[in-house]
Amino acid sequence: MHKLYNNNLLAPGHTACRGCGEALGARLVLNAAGPKTIVTNATGCLEVFSTRYPQSAWEVPWIHSLFENSAAVASGVAAALKSMGREDEARVIAQGGDGGTADIGLQALSGTLERGDDVLYVCYDNEAYMNTGVQRSGLTPPGAHTTTSPVGKVSIGNKTNKKDLPSIVAAHHIPYMATASVGFPADLQRKVKKAVSIKGPKYIQVFVPCPLGWGSDPALTIKIAKLIVETALFPLYEKEDGKLTSLRKLVKRKPVSEYFKLQKRFAHLFKTEEGKREMERIQAIADKNAEEYGLTSKPKAP
Amino acid sequence: MKEIRIHGRGGQGVVTAADLLAVAAFHDGKYAQAFPSFGSERMGAPVESFVKISKETVRSKTQVHKPDFLIIQDPTLFLGVDVLRGLKKDGLIIVNTDKKPEELNIKNGFRILTIPATDIALEILGRPIPNTTLLGAFAGATGIVSIEAIEKSIKGRFPGSLAEKNLKATKAAYKRIKE
Amino acid sequence: MSIEVFIYPGTSVENKTGSWRVFWPKYLHDKCIGCGNCVTFCPEGCVAGKGRGREATYEADMDFCKGCGICAEECPVNDIEMVREEV
Amino acid sequence: MFAAIEGSLAVAEAVKRCKPDVVSAYPITPQTHIIEELAKMIANGELKAEYVNVESEHSAASVVLGASATGARAYTATTSQGLLLMVEVLYCIAGLRLPVVLGAANRAVSAPINIWNDFQDTMAARDTGWIQLYAENNQEASDLHIQAYKIAENKDVRLPVMVCMDGYLITHSIEPVRIPSKEEVDKFLPSYRPEHCLTTKEPLTFGYLMGSEGYMETRYLIHEAMENAKGVIEDVAKDFSSVFGRFCGGLVEEYRLDNAQFVFVSMGTMVGVIKEAVDALRTEGKKVGALKIRSFRPFPKEAVIKALKGAAGVMVIEKDVSLGSAGALALEVKDTLYGLKKMPKVKGYIAGLGGREVLNETIVKALTLFDSDVKEPVFLDLKESVEGRKYA
């Protein structure tokens, strides 16, 4: 039996970029879930940087087939375990990026959740198609520059709001769902542990910065992953059987500009009047989040 | 080989009739093939089904183009559908109607047999589904399948009381034709 | 010829990504309070340590460290210094 | 049990006796009766399996992929658009060397939407790495399903198998079928024990990324497995006959090829019509015969050469068309015979698209047109009113 490197279920030697939030997120998730886990993976950065033949970074049984079917493959794994009386052998985790989850894989995800399959789906949200070179996804936030929502003379970057995927997931009335960020690893790992202890469909959306796609300093991955939460743009919460059971409150909310200024994808917002107006609009989204979720006792913009 | 074409409307059990007839022929020790006209037709639309009965294996999976027998489950079909197409010269038409054959205005000199199958079905089954009743008439008129085989076929297809009711209707029609 | 449809677990350790570094994290072992941030936040999972609290000594495995600088950034007592690699 | 039974039900009975652990499918006409029957068997406890209701064929294929990779025996069925939606996953199932069995109720593809039988759907999936077997009648559809698992799970093959059966003509028709007993199937088909699968006992990584250093070799190895499958398909047919007492399988079936000058080559239920036509033509003194291609993938080149090398003329009639070229089967046959010392003349015909009936007359017409200079592929029974008109 070979020895795990530093007790990690995602071994080093993978080819993720320096400072990759997704590599960190996957390692934290797997370590929390433990070795009795079977993982299905959507096509994307995570799959590409971890399984280049003949080397694998995974220490758990793992399978990838396509972009949009991670959830459905996981359903097949869960059905097989159940049918063969191997349910106690492993928990099933389906993984995907934001494109593989919120866009092309949304239908399969919905199917898995709706059927009540015993699967934890983890979406690593880095807000664009990074594997193919930073194209816009349904989870790309407004104002962000990507290669398919570029900033131009008549464009301020991505024009659409970030799809509220957690609410779409919540509408399936599953037993457990949560949002998390690699900026708060203890919180993330606690949520994973809780999720895998529950039978039925579970969902966790993990915010994972992408230094390459966002134009951020690799060293600031954690700082950025904290800031998005602290601005109220990405509230951290848990819902069990549809009820909000935990919420990460904010002592002092930070302005979105503080989060934006660390990333080149938002740099244009600081340069023009139009950019500033867009920034104000996004600040209003954060304010609304803070109010709706009750993130601060005094929900007003700082 | 004897070929039967059944005409009716969606919801009248046209496909079931063909199935029951084929299974009955099989019970009689014959080779039988049945299939519907595979429409995406909805309730009320004209539909057809086909049955081939032979002493030997029937290899051609084709529709019935030159029928020996026609079963017409709804006389209104004469108006819109060329139900008589391909019928052999000595072919027999069994029509569900309370009219007499000569009242149907069908020329060409085909043999015609009429039976008020819907009335019988309504009386016995309580529903206007004439398919099993017409099978009783078919067995009585042609002898291609035995009434015992049809009985077996119906019992294999429907649950208890529904099978009994259908059998009653089938036998009523069989008797009526025999008499 | 034989190519299996699977590959063996954890074999990525054969790929020494340490060569990617431009800066390397120098663990000063001076002010360390043993919080473990450097271990937790490493995207490679290549930081490990011995001891507890102020006795703790952490090190990044230079075979794999890509020099992202997260550990230095997240060290609450600035006990890790990013140093330029020299050839 | 010998019973007059609908093709779909006969297939479901066969699948049940193969004891799949996981069944997943999405409803689509004319495949529905198969999966409804399997769902019923599972609901009644007759078949101990998980039935996974999915939201698309893409997911149905993905579910059986996941299940098979976990070591389960898995089954799915589909047709037409559903099969096309699955194609992406079908490549993966073959690439991962998973012995899934799929029942394909052959149907035309859109547009125009047409739910009736032809082979354009499975022909679009012919390069996915799946073995494709085509059934002539209900008995074959049932028997080939049982053989499919044995072929797929053979360690020298390890490829998924698609059992192709004419939509409606098989799925919805009633015919007498010998349904094997549980004991016979148990004797014939051992339980499935893959050497490697997704298990925490051996945490392997499946579905890795591979560059140009090895991808081509994986393709070559699938091709080699297809070549191996030729022998396995024949062996499994022999095993089948020794257990079940009837021969129903193998790569091809020769029909009245003794001294045959002209040979019809075809697949599926059309072969039944051709056999009848051959008998009729023989009584007229015409030296004709037929060759049924049961295995289209792998394509049995050797068996085809053996069957056709003495013929003067070969007429390939098929229910598919590679638009702008010819019928897929005709291309295979021509390629196979090319370069023979005495190469028969081959003519390709397209027939029966979108459920148009192929009748005895259709077959006879193919023979009459053999020496004509009608351009290939010859569309049989094409309506005069359509010829020369624009489709716009």
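Predicted model: local features only at pLDDT ≥ 70, side-chain atom pairs only at ≥ 80, totals over all residues.
Residues are numbered from 1 along each chain as its sequence is written, while chains are lettered from A in the order in which they are written. Local features need pLDDT of at least 70 and side-chain atom pairs count only at pLDDT 80 or more, whereas totals for chains, interfaces and linings use all residues; side-chain values use heavy atoms, with hydrogens and water left out.

**The interface**

The area buried between chain D and chain A is about 3000 Å², and carbon and sulfur atoms give 63% of that area. Buried area here is the accessible area (1.4 Å probe) that two parts lose on being put together, summed over both. Between the two chains there are 16 residue pairs in polar contact, with both residues at pLDDT 80 or more. A polar contact is a pair of N or O atoms within 3.5 Å; within protein, one must be able to donate a hydrogen and the other to accept it, and residues adjacent in sequence count only if both atoms are side-chain atoms.

Helices (H or I, at least four residues) and strands (E, at least two) are DSSP runs, numbered from the N terminus.

Three salt bridges are found across the interface of chain D and chain A. A salt bridge is a side-chain nitrogen of Lys or Arg within 4 Å of a carboxyl oxygen of Asp or Glu.

**Salt bridges**

Over all chains, the whole structure holds 61 salt bridges.

| Residue | Partner | N to O distance |
|---|---|---|
| D:Glu50 | A:Lys82 | 3.9 Å |
| A:Lys199 | A:Asp118 | 3.0 Å |
| D:Glu46 | D:Lys16 | 2.9 Å |
| D:Lys301 | D:Asp335 | 2.8 Å |

In chain A, the side chains of A:Lys199 and A:Asp118 meet in a salt bridge. A:Lys199 lies in the loop between α7 (185-197) and β8 (202-207) of chain A and A:Asp118 in the loop between α5 (106-115) and β4 (119-125) of chain A, so this pair ties together parts that are 81 residues apart in sequence. A:Lys199 is exposed, with a relative accessible area of 56%, and A:Asp118 is partly exposed at 29%. Buried means under 20% relative accessible area, exposed over 50%, and partly exposed in between (1.4 Å probe, protein chains only).

In chain D, D:Glu46 and D:Lys16 form a salt bridge. This pair links distant parts of the chain, 30 residues apart: D:Glu46 is in the loop between α2 (32-43) and β3 (50-53), and D:Lys16 is in helix α1 (residues 7-17). D:Glu46 is partly exposed, with a relative accessible area of 44%, whereas D:Lys16 is buried at 16%.

D:Lys301 and D:Asp335 form another salt bridge. D:Lys301 lies in helix α10 (residues 301-308) of chain D and D:Asp335 in helix α11 (residues 328-337) of chain D, so the pair ties together parts that are 34 residues apart in sequence. D:Lys301 is partly exposed, at 34% relative accessibility, and D:Asp335 is partly exposed at 44%. Seven of the ten residues of α11(D) are buried, so this helix is largely enclosed by the rest of the structure. Just after α11(D), D:Gly339 takes a positive phi of about 90°.

**A buried charge without a salt bridge**

A:Asp98 belongs to helix α4 (residues 98-103) of chain A. A:Asp98 is buried yet has no salt bridge, and the nearest side chain of opposite charge, A:Lys162, is 6.7 Å away. For charge, Lys and Arg count as positive and Asp and Glu as negative; His and the chain ends are not counted. Polar atoms of the A:Asp98 side chain lie 3.2 Å from the backbone nitrogen of A:Glu127 and 2.9 Å from the backbone nitrogen of A:Ala128.
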